[in-house]
Amino acid sequence: LTELWGRSPMGAPLLVAMEHAGTYVAGAFKAEELVGVCAGFFGPPAARLMHSHVAGVRGASAAKGVGTAMKLHQRAWCLDHDVSEMTWTFDPLVARNAAFNVRRLGASLDEYLVDFYGQMTDGVNAGQGSDRILVRWHLAAAIPTQPREPGDAPLVLSVGEDHRPVTTPAPDDADACAIV
């Protein structure tokens, strides 16, 4: 975890305690080397909800299917434990994460959270804002066989010519919005 974030957002003792208490903690290994990690905790009991708090893949193993395999493993674990829905947050300015979460997994954008974590000091986020998007993944839904496209949904967040975010308010009557 420290290689991914500069310092661990969840220390080993916390992960051991979470796993012992029955929540989800998993690692992805290449031979004996830990190359990815994924951990989450339960939401309110009646909601049958898992919040996936940490998921990451180390540099050389990124973009090789490890992240997909980890999320699908987490999905299968949740379904085996009668958890029907998963949420997590991601940085809305990291396009590859948005594409993975929405286009690859089929999660839906649920809420825009301004300065959600406050000032962050880890190696990935230090000196940046902590606005996040909360996604919601209905686990019984089929995984898209082809990446989902935004279709006719109004565009609310994109990258401008100067590589800065361009936002447009969502129409009041929109039931879906697009981010590209």
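Let's start at Asp-91, which is buried with a relative accessible area of 12%. In this predicted model, Asp-91 forms a salt bridge with Arg-132, and their closest N and O atoms sit 3.9 Å apart. That pair links distant parts of the chain: Asp-91 is in the loop between β4 and α4, while Arg-132 is in strand β6, 41 residues apart. Arg-132 is buried too, at a relative accessible area of 5%.

At 5% relative accessibility, Phe-90 counts as buried, since the cut-off is under 20%. Its C-alpha atom is 5.3 Å from that of Arg-132, and Phe-90 also touches Asn-97, Leu-109 and Ile-133, among others.

Now go to the other end of β4, where the strand covers residues 85-90. Glu-85 is buried at 16% relative accessibility. Its side chain makes a polar contact with the side chain of His-138 at 3.1 Å, and the two C-alpha atoms are separated by 4.8 Å despite being 53 residues apart along the chain.

Glu-85 also meets Arg-136 in a salt bridge (3.0 Å, N to O). Arg-136 lies in strand β6 and Glu-85 in strand β4, so this pair ties together parts that are 51 residues apart in sequence. Arg-136 has another partner as well: its side chain meets that of Asp-110 in a salt bridge of 3.1 Å, N to O. Since Asp-110 is in strand β5, that pair ties together parts 26 residues apart in sequence. Asp-110 counts as partly exposed at 40% relative accessibility, whereas Arg-136 and Glu-85 are buried. Together, Glu-85, Asp-110 and Arg-136 are linked in a network of salt bridges.

Definitions and conventions. Residues numbered from 1 in each chain as written. Predicted model: local features only at pLDDT ≥ 70, side-chain atom pairs only at ≥ 80, totals over all residues. Heavy atoms only, no water. Helix = DSSP H or I, 4+ residues; strand = E, 2+ residues; numbered from the N terminus. Buried < 20%, exposed > 50% of the residue type's maximum accessible area, 1.4 Å probe, protein only. Polar contact = N/O pair within 3.5 Å; in protein donor to acceptor, adjacent residues only side chain to side chain. Contact = heavy atoms within 4.5 Å. Salt bridge = Lys/Arg side-chain N within 4 Å of Asp/Glu carboxyl O. Lists of a residue's contacts leave out its neighbours within four places in sequence.
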